[in-house]
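Please read the following note with the model open beside it. The points are numbered so that each can be checked in turn.

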Amino acid sequence: NPTLSAFTISGSFAGSDTITAITETTTAGTLSDVGNYTIYGSAAVGSAVSANYSISFLPGTLSITQKALSTTTPSIASRVYAPGSKVAGSITLGTITGFVGSDTASVTITPSASDYDTATVGTRTSTISYVLTGSKGGDYTLANSTGISGVITKASPTYNPAAAWAPSGIRMSTVLGPTQLTPKASDWGMA
């Protein structure tokens with residue numbers, strides 16, 4: 001927790017009387033979750049602490065915000081070309097650092113990659129975003145990883161000439177006209 005020392009005096013004192021310090025405590029601890037916690041004041045110190053004044057303490061607020069985690073560069077596995085598919089390959093997380101205490105065991109990090117800008121073969125880039133869950137997931141943030149490269153590799157279709165060129169009722173020795181020779185992507189194992 002931060003040092004609790006700031007306070008504001010409301011009201012006026014006679015002459016040089018003043019309050020120089022108060023004791024401040026809060027219900028928050030070092031491992032408290034994100035949220036707002038009450039600060040309590042007591043035991044004022046200073047020349048104004050006398051029978052001449054009635055001192056009361058109003059509660060303050062300590063706000064605990066999410067802690068940013070850091071990651072080394074994640075990776076995206078290569079995948080084989082599939083017609084029309086811009087989906088990125090599977091993701092391997094980088095090394096995540098910045099957890100407090102043993103919180104790493106209480107946070108589950110689920111990455112997801114944006115689609116590539118094209119479905120064609122080659123090196124592509126994606127942005128990886130993260131969802132943090134678990135009992136301590138809400139206490140942390142993890143910024144997106146941008147410009148992460150992945151590769152779409154060439155497909156190796158399997159061609160079955162018997163299935164592609166011998167429709168029902170036609171023998172392999174039959175002479176076919178050009179309008180009968182229209183292979184489909186499915187003939188090559190690609191659809």
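1. D139 is buried, since its relative accessibility is 11% (buried means under 20% relative accessible area, exposed over 50%, partly exposed in between, with a 1.4 Å probe and protein chains only). Salt bridges that share partners join D139, K136 and D33 into one network. A salt bridge here is a side-chain nitrogen of Lys or Arg within 4 Å of a carboxyl oxygen of Asp or Glu.

2. The model is a predicted one, in which local features need pLDDT of at least 70 and side-chain atom pairs count only at pLDDT 80 or more, while totals for chains, interfaces and linings use all residues. Residues are numbered from 1 along each chain as its sequence is written, and side-chain values use heavy atoms, with hydrogens and water left out.

3. How many salt bridges does a search of the whole structure find? The search finds two. In one of them, the side chains of D33 and K136 meet at 2.8 Å, N to O. This pair links distant parts of the chain, 103 residues apart: D33 lies in the loop between β1 and β2, and K136 in the loop between β10 (122–133) and β11. K136 also forms a salt bridge with D139, where the closest N and O atoms are 4.0 Å apart.

4. Is K136 buried or exposed? K136 is buried, with a relative accessible area of 15%, whereas D33 is partly exposed at 33%.

5. Strands are DSSP runs (E, at least two residues) numbered from the N terminus, and two strands pair if DSSP finds at least two bridges between them. Five bridges join β2 (residues 35–45) to β3, and N36 stands opposite S63 in β3.

6. A further open sheet has three strands in the order β8-β4-β11, and its pairing is mixed. β8 (96–97) and β11 (140–142) stand at its edges, each with a single partner strand, so one side of each lacks a neighbour in the sheet. β4 (residues 67–71) and β8 run antiparallel and are joined by two bridges; T71 stands opposite I96 in β8.

7. I55 is found in the loop between β2 and β3 and is partly exposed, with a relative accessible area of 31%.

Key. Helix = DSSP H or I, 4+ residues; strand = E, 2+ residues; numbered from the N terminus.
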